[in-house]
Amino acid sequence: MEKETADKALKTHHSSHLSLYFYGAVVGIITGIVIVGYRVSLSFAQKYREMFYEYVRHTLFDAQTIFVLAVLILITSVFLGYVVAKYPMIKGSGIPQVKGVLIRQMDFSWARELAAKFVSGVVAVGSGMSLGREGPSVQLGAEVGTGVFKIFKRNEYDKKYLVSCGASAGLAAAFGAPLAGVVFAIEELHKFMSPLLVTCVLISSVCAEFVSKYFFGFSPSLNIHVDTTYQLKYYFLIIIFALLMTTIGKLFEEALLKGQVLYGKIKINPIFKPVVIITITAFMGIFFADVTGGEHTLAEKVMYGSYTYKTLIILFVLKFLFTAACFSSGIPGGLFLPMIVLGALAGKIYGMFVINLIPDVTAGYEVYFIVLGMAALLTAVMKSPITSTILMLEVTGSFSHFFPLVTVCMITFLMTEVIKMRSINDILLENMLPKGLDENGDEEKKVTIKIPVGLDSSIDGKKVKEIAWPERCLIVGIDRGDREIIPHGETKILAGDLLVFLMDERTASIVKPVLIQMGEE
């Protein structure tokens, strides 16, 4: 790409957005095709995994079976270890990496990483690891967005929008939830909203969902029927449940982070290190198959099935520990679906307890608490209450539990604020970045970046000249609603403004986190 001058960068900012909408649609369609292929591959992997473990259970003490199992464990471990060591950007869910790219602290080698993430994700989940498809789908979409940006040689201003389009389209196609994809980009990836961002990710998510619906049909991911109305007099039970789910979310977050530390202390060559978790996975697949894999099969089973407290608690503890162990290994895979299963199990246990404790509560409340458990745990760990609410409404295809969902997500979020929990993705990104950020990028290439001003920001109400801006960056515009303001020293900054800065690429990689902090705090 040719070097951009300051004049060219400024003209780009004010140019028509129609081409960006078009490329957003292209990203959405391609992402939809990639995610359809990913979901189909995972379905085949699940089918053959279940057949293989069923065979092993019946021939467990046969020498040939033990040998084949040992060889497969070794091959799978070496493959995953090699791929993760060679392409470290594909580790884990991929959502922290996408956020890192958006703040210019990371970058994708899109073609190789897309292929590596796709194949390693299928192998990991196919082997039975408790990892979901949604995080990898978000990263796969972001890689597609990066690819479109580079192939069509778009200007630097478009990059963050195309990456965001791909990420939202990936989540939309993974769950069949286009609105959740849009809200996810706003609430989790950017933490601010602009008309251009909303329009771009909406176009991309809808295009990806068209592709997904063409292959998978219009049925929701979870088919849930609620025959009763949740009575207002029992909303105190939701408050208690939100407190319980916040506690579980905090414990789960701690388990993930401490698990990473423990896994890092294992003194084995990185290529062979996955043999530890793959061996555990094989054991779980043989003896506790229900807690393996990254599907929501177990959540559907407990929805209307009859279980004892003991069975549900055992399943919950095993799923909790197994998911934490799998994710801590850094092998490609997401957390959404495993957390949905954990939330469903916790909701089932709580619902059964409530029904036994309060005779007036009908059996239909079990289903309510299962759905509420899914949303509440996502809210507690991801700190994204709106995304969690919209996602559960779309994947269940029902609005009958809308108000209880909003209530449990709101209360859970408030409780996480009280105990000062952070989004797991923010913590993981922070751990990935080097402590001392190195300067990278081209000093001759000029870029524009946008920073939102929050309601409680220290720069809210101040004049431009009164603020000590970082060196080598120039504020060249303020987006205030539908207006574009060219600022000067006397211009007052207001909450809700979107500040536009011009700087070289190297400076952007250093000062963007500083500017984001100024806008938020």
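Phenylalanine 175 counts as buried, since its relative accessibility is 3%; the cut-offs here are under 20% relative accessible area for buried, over 50% for exposed and partly exposed in between, with a 1.4 Å probe and protein chains only. This is a predicted model, where local features need pLDDT of at least 70 and side-chain atom pairs count only at pLDDT 80 or more, while totals for chains, interfaces and linings use all residues. Residues are numbered from 1 along each chain as its sequence is written, and side-chain values use heavy atoms, with hydrogens and water left out.

Now for the rings. The whole structure holds 23 aromatic pairs. Rings of Phe, Tyr and Trp (its six-membered ring) pair if their centres lie within 6.5 Å; planes under 30 degrees apart are stacked, over 60 edge-to-face, and the rest tilted. Phenylalanine 175 and phenylalanine 336 make a tilted pair, because their planes stand at 50°, with the centres 6.2 Å apart. Phenylalanine 175 belongs to helix α7 (residues 156-175) and phenylalanine 336 to helix α14 (residues 336-357), so the pair ties together parts 161 residues apart in sequence. Helices (H or I, at least four residues) and strands (E, at least two) are DSSP runs numbered from the N terminus. Phenylalanine 336 is buried too, at a relative accessible area of 5%.

Tyrosine 214 and phenylalanine 215 pair edge-to-face, at 5.3 Å centre to centre and 80° between the planes, and both residues are exposed. There is also an aromatic cluster whose members include Tyr230, Phe241, Tyr350 and Phe403.

A charge sits over a ring if NZ of Lys or CZ of Arg is within 6 Å of the ring centre and within 35 degrees of the ring normal. Lysine 273 puts its charged end over the ring of tyrosine 263, 5.2 Å from the centre, and lysine 47 lies over the face of tyrosine 48 at 5.8 Å from the ring centre.

Next comes the sheet. It is open, with 4 strands in the order β1-β4-β2-β3 and antiparallel pairing; two strands pair if DSSP finds at least two bridges between them. At the edges are β1 (446-452) and β3 (483-485), each pairing on one side only. β1 and β4 (residues 498-504) run antiparallel, joined by 7 bridges, and isoleucine 451 stands opposite leucine 499 in β4. Helix α19 (residues 505-520) packs on this sheet, touching β1 and β4, and its direction makes about 155° with that of β4. Contact means heavy atoms within 4.5 Å, and axes are lines fitted to C-alpha atoms (for helices over the stretch in contact), with angles from 0 to 180 degrees between N-to-C directions.
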